[in-house]
Amino acid sequence: MMVLCFLSRALPRARHSPSPLGRQLCSASMNKPILTLFTKKPCPLCDEAKEVLEPYKRRFILQEVDITLPENTAWYDKYKYDIPVFHLNGKFLMKHRVDVPKFEDRLRKLELQSEGNQ
């Protein structure tokens, strides 16, 4: 299964993808930001972070990337000591714990930007 982590680069390909997942991510990303969680199992800090994000879950799409899978070795090499790591729409946002003010600010900016493009 292909994981689209950098949507800013992958979105044009996803738009024309024969894969239903590619098309789904493309259409979903037009409406809601994609929050990518780089994780592994077990990850108590990741579980805690998801709980903190629960009140916001209707405002973004959560995409989890298990860094221990063979196809994600580059992410493992980069983040093996830092999970959880979050990217928002393909750009690094935060690591270790959820920075709620930073997350709210970036999410609000993306929502305003999306409203302006409609």
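The following exercises, with worked solutions, concern a predicted model of a protein chain.

**Exercise 1. Describe the fold and the confidence of the model.**

Solution. Step 1: the protein chain contains five helices and four strands, arranged along the sequence as α-α-β-α-β-α-β-β-α. Step 2: of its 118 residues, 38% count as buried. Step 3: among contacts with a separation of 6 or more, 62% are between residues 24 or more positions apart. Step 4: the average pLDDT is 83, and 74% of the residues score at least 70. Step 5: over residues 1-17, pLDDT stays under 50, and the model has 32 contacts beyond four places in sequence for this segment.

**Exercise 2. Identify salt bridges that link distant parts of the chain, and classify the accessibility of their residues.**

Solution. Step 1: the structure holds seven salt bridges.

Step 1: one of them pairs the side chains of arginine 97 and glutamate 48, at 2.8 Å from N to O. Arginine 97 lies in the loop between strand E4 (91-95) and helix H5 (100-116), whereas glutamate 48 lies in helix H3 (residues 44-53), 49 residues apart. Glutamate 48 has a relative accessible area of 40% and is partly exposed.

Step 2: arginine 59 forms a salt bridge with glutamate 111, the closest N and O atoms being 2.8 Å apart. This pair connects the loop between H3 and strand E2 (61-66), which holds arginine 59, to helix H5, which holds glutamate 111, across 52 residues. Arginine 59 is partly exposed at 31%, as is glutamate 111 at 24%.

Step 3: lysine 95 forms a salt bridge with aspartate 82, with 3.8 Å between the closest N and O atoms. Lysine 95 is in strand E4 and aspartate 82 in the loop between helix H4 (73-79) and strand E3 (85-88), 13 residues apart. With a relative accessibility of 39%, lysine 95 is partly exposed; aspartate 82, at 18%, is buried.

Notes: Residues are numbered from 1 along each chain as its sequence is written. This is a predicted model: local features need pLDDT of at least 70, side-chain atom pairs count only at pLDDT 80 or more; totals for chains, interfaces and linings use all residues. Side-chain values use heavy atoms; hydrogens and water are left out. Helices (H or I, at least four residues) and strands (E, at least two) are DSSP runs, numbered from the N terminus. Buried means under 20% relative accessible area, exposed over 50%, partly exposed in between (1.4 Å probe, protein chains only). Contact means heavy atoms within 4.5 Å. pLDDT is the predictor's confidence in each residue, from 0 to 100. A salt bridge is a side-chain nitrogen of Lys or Arg within 4 Å of a carboxyl oxygen of Asp or Glu.
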